[in-house]
Amino acid sequence: MTALVQYRGILVFGLIAGIFLIAAFAAYQATGPMGIEERFNTAAGLSSDEGEEEAGGIVGFFVEGNALYYLLVIVVLVIACAAIYWRFHE
Amino acid sequence: MAHIHLEDGAFTLAWVIVWWVLALVFIAVALWLLRAEGQKNAKKVTIAAFVTAAAFALFQVNIPLFGGVHLNLTPLIGILAGPVLGALVVLVINILSAAIGHGGWGLIGANVLVNLSEVVVAYLIFRGTRAIIPDLFSRAGIATFAGLFCGNLVMVVVILVSGIQGVTQSTEQVLAGLTLIIAVNMGVAIIEAAITGLVVRYIGTARPDLLGEVQS
């Protein structure tokens, strides 16, 4: 296996990543800092309710939707995963 | 990642029904295929459960990058669980997301189609390029890029075809705005591609049988 063949995967990956990174920064410069909902609403021409979902975040990270329900669903999913693993484990 | 972040009422009822019916057709086909395969999917069911939990947990977390984005791991779902179980996984994730207030109930059908396209394309690229890209990290990463890009295109098509109620913007203006969203999303896709690549490479080292990789 030649070096080019061996590394062509990572070269293509790097090339795609570079193109997308440049495009993302260009788009970010055009739109400015916006949340997901706000960016969508601006694109669609809808009015947005800014700040509502930002509450309760930790250094910019926050849960979209109800945080309590989020934790409850996570607990249920963990229990379900354990049960399925127990049932199907070989 | 691609996800239609519009609230209920953005699409007309007719289009909500159209996207729901289309999504349910794909789900029905997936269920039929699963039933036809029988117990052969036992191991995959466990994998599907774990990727559902992981993807749901990550999907809800807003990451302060480019103003706010989130990951969804749909390409990883496709690579690990396959497109058949993956269809059910994305349905479950979208329903649970709507249940906690992330996304509208009426948009679940459209979002399932968007996420399903990511799952299927990532799966096909990952499997189809095995001969030319043996390295698992880069193959999974490239499959992730392809899947997420396709998902973004489907998202734009769904929005443009449906139209959004109560807006005065022209189709061209909406398309221009959505193009910027695609560009930002694909910037975030670099992180998702790296995570997917690392996870797949680790699994390929520890449990290559889970990837269906035959050592050559």
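Two residues are in contact if their C-beta atoms, placed from the backbone, lie within 7 Å. By that criterion, 76% of the contacts in chain B with a separation of 6 or more join residues 24 or more positions apart. The model described here is a predicted one.

Chain B contains 6 helices and 1 strand. Along the sequence, these elements follow the pattern α-α-β-α-α-α-α. The radius of gyration of chain B is 17 Å, close to the 17 Å given by the globule rule for 216 residues, so chain B is as compact as a globular protein of that length. Along the principal axes, the C-alpha atoms of chain B fill a box of roughly 60 × 35 × 30 Å. Of the 216 residues in chain B, 56% count as buried.

The next topic is how chain B meets chain A. Between them, 46 residues of chain A are in contact with 51 residues of chain B. On the side of chain A that touches chain B, at least two residues each come from α1 (3–31), α2 (36–44), β1 (62–63) and α3 (67–88) of chain A. The largest share of that side, 16 residues, is supplied by α1(A). Sorted by residue class, the side of chain A that touches chain B holds 34 nonpolar, 8 polar and 4 charged residues.

Strands also link the two chains. β1(A) pairs with strand β1 (residues 61–62) of chain B in the antiparallel sense, over 2 bridges. Within this pairing, A:F62 has B:N62 in β1(B) as its bridge partner.

Technical notes:
Residues are numbered from 1 along each chain as its sequence is written. Chains are lettered from A and ligands numbered from 1 in the order in which they are written. This is a predicted model: local features need pLDDT of at least 70, side-chain atom pairs count only at pLDDT 80 or more; totals for chains, interfaces and linings use all residues. Helices (H or I, at least four residues) and strands (E, at least two) are DSSP runs, numbered from the N terminus. Ala, Val, Leu, Ile, Met, Phe, Trp, Tyr, Cys and Pro count as nonpolar, Asp, Glu, Lys and Arg as charged, and the others, Gly among them, as polar. Two strands pair if DSSP finds at least two bridges between them. The radius of gyration is taken over C-alpha atoms; the globule rule is 2.2 Å times the number of residues to the power 0.38. A residue is buried if 20 or more other C-beta atoms lie within 10 Å of its own, exposed if 12 or fewer, and partly exposed in between; C-beta atoms are placed from the backbone.
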